[in-house]
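Thank you all for making time this morning. Please have a look at the model on the screen before I start.

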Amino acid sequence: MLYGAKLAQEFSRDLFEEGVFAVGFFYPVVPKEQARIRTQMSAALDMDHLQKALDAFVKVGKKHKVIK
């Protein structure tokens with residue numbers, strides 16, 4: 001949960017720049033102030049793919065001060 005629509009859009013864009021496709025959802029798709037990022041996993045992903053995605057989430061999360 002990122003709560004703000006602008007943050008969800010920026011977070012999604014930055015993940016894409018890191019090679020991870022994650023869609024930002026915000027009002028009217030979800031209630032106001034409940035913006036979020038949605039991802040989909042595939043059984044075809046291997047551990048290297050998953051680690052790359054996790055690393056991107058950490059990098060982008062720190063950039064936006066969502067995580068420490």
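Predicted model: local features only at pLDDT ≥ 70, side-chain atom pairs only at ≥ 80, totals over all residues.

Residues are numbered from 1 along each chain as its sequence is written, and side-chain values use heavy atoms, with hydrogens and water left out.

Let me begin with the largest nonpolar core, which has 10 residues, among them Leu2, Phe11, Leu15, Ala35 and Val60. By a nonpolar core I mean a set of buried Ala, Val, Leu, Ile, Met, Phe, Trp, Tyr and Cys residues joined through side-chain atoms within 4.5 Å. Helix α1 and helix α2, residues 47-63, each supply at least two residues of this core; helices here are DSSP runs of H or I with at least four residues, strands are runs of E with at least two, and both are numbered from the N terminus.

Helix α1, residues 5-17, also holds Asp14. Is Asp14 buried or exposed? Asp14 is buried, because its relative accessible area is 4%, and the cut-offs are under 20% for buried, over 50% for exposed and partly exposed in between, with a 1.4 Å probe and protein chains only. The side chain of Asp14 makes a polar contact of 2.6 Å with that of His64, where a polar contact is a pair of N or O atoms within 3.5 Å, one able to donate a hydrogen and the other to accept it, and residues adjacent in sequence count only if both atoms are side-chain atoms.

Turning to the largest pocket, its lining consists of 13 residues, and Val20, Met41, Leu45, His49 and Ala53 are those nearest its centre. A pocket, on a 1 Å grid over the protein atoms alone, is an open set of points where a 1.4 Å probe fits, with protein on both sides within 12 Å along at least five of seven lines, and lining residues have an atom within 4 Å of a point.

Finally, the backbone: a cis peptide bond, with omega about 15 degrees, joins Tyr27 and Pro28, and Pro28 sits in the loop between β1 (23-25) and β2. Glu33 lies in the loop between β1 and β2 as well, and although Glu33 is not a glycine, its phi is positive, near 65 degrees. Glu33 counts as exposed, because its relative accessibility is 60%.
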